[in-house]
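This report goes through one structure, from its helices to its pocket, its charged pairs and its surface. The terms are given with their cut-offs as they come up.

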Amino acid sequence: RFYRRISALMWEVRYIEHNARTFNEPESPIVSAAKTVSDVLLRFIGDQSCTDILELYNKMKSEEMSSAAEEEEDEEAEVDVDSDTPGTSTGHRRAQPPVQ
């Protein structure tokens, strides 16, 4: 089977992730892997000068890891240690019920 248009190929690639989300639990490794595969393939299709898909995958994973580290640093910076409000182990504040 071949594709006459790149848009048809891209639709088919997106359908991989769609099916994974439809038929599996949202946080399952299958859904995560399908998203990774779809993202790499879509980028590979879009960059016609790329000849090594593994290089593209490794670049995407390193970008993903660095953005996750930045998000973690941002969350840590938001914690107010001087507050009297109890926090959770993740640093997120729980809403205090009104005192009656």
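## Helices and basis of the model

Helices (H or I, at least four residues) and strands (E, at least two) are taken as DSSP runs and numbered from the N terminus. The model is a predicted one, in which local features need pLDDT of at least 70 and side-chain atom pairs count only at pLDDT 80 or more, while totals for chains, interfaces and linings use all residues. Residues are numbered from 1 along each chain as its sequence is written, and side-chain values use heavy atoms, with hydrogens and water left out.

The chain holds 3 helices and 0 strands, and its pattern, read along the sequence, is α-α-α. Of the 100 residues of the chain, 13% count as buried, where buried means under 20% relative accessible area, exposed means over 50%, and partly exposed lies in between (1.4 Å probe, protein chains only).

## The largest pocket

Grid points are joined across faces, edges and corners, and a volume is the space filled by probe spheres set on the points. On these terms the largest pocket has a volume of about 180 Å³. Its lining counts 14 residues, of which S32, K35, T36, D39 and E64 are the closest to the centre.

Which helices each supply at least two residues of the lining of the largest pocket? They are α2 (29-46) and α3 (53-78), and α2 gives the largest share, 6 residues. By residue class, the lining divides into 5 nonpolar, 3 polar and 6 charged residues; here Ala, Val, Leu, Ile, Met, Phe, Trp, Tyr, Cys and Pro count as nonpolar, Asp, Glu, Lys and Arg as charged, and the others, Gly among them, as polar.

## Salt bridges

Side chains of opposite charge can pair when their charged atoms come close. With a salt bridge defined as a side-chain nitrogen of Lys or Arg within 4 Å of a carboxyl oxygen of Asp or Glu, the count comes to 4 salt bridges. One of them joins K35 to D39, whose closest N and O atoms are 3.0 Å apart. Both residues lie in helix α2, 4 residues apart, about one turn of the helix; K35 is partly exposed at 35% relative accessibility, and D39 is partly exposed at 26%.

Another salt bridge brings together the side chains of E64 and K61 (3.3 Å, N to O), and these two residues lie in helix α3, 3 residues apart, about one turn of the helix. E64 counts as partly exposed at 45% relative accessibility, as does K61 at 27%. In helix α1 (residues 6-23), E17 and R21 are 4 residues apart and so separated by about one helical turn, and their side chains meet in a salt bridge (2.7 Å, N to O). E17 counts as buried at 15% relative accessibility, whereas R21 is partly exposed, with a relative accessible area of 44%.

I53, a residue of helix α3, makes a nonpolar surface patch of about 250 Å² together with L54 and Y57. Patches are made of residues with over 30% relative accessible area and no salt bridge, with like charges joined within 9 Å and nonpolar side chains (Val, Leu, Ile, Met, Phe, Trp, Tyr) within 5 Å; the accessible areas come from the Shrake-Rupley method with a 1.4 Å probe, and for residues only the protein chains shown count as cover. I53 itself is partly exposed, with a relative accessible area of 33%.

Technical notes. On a 1 Å grid over the protein atoms alone, a cavity is a set of points where a 1.4 Å probe fits but cannot get out, and a pocket is an open set with protein on both sides within 12 Å along at least five of seven lines; lining residues have an atom within 4 Å of a point.
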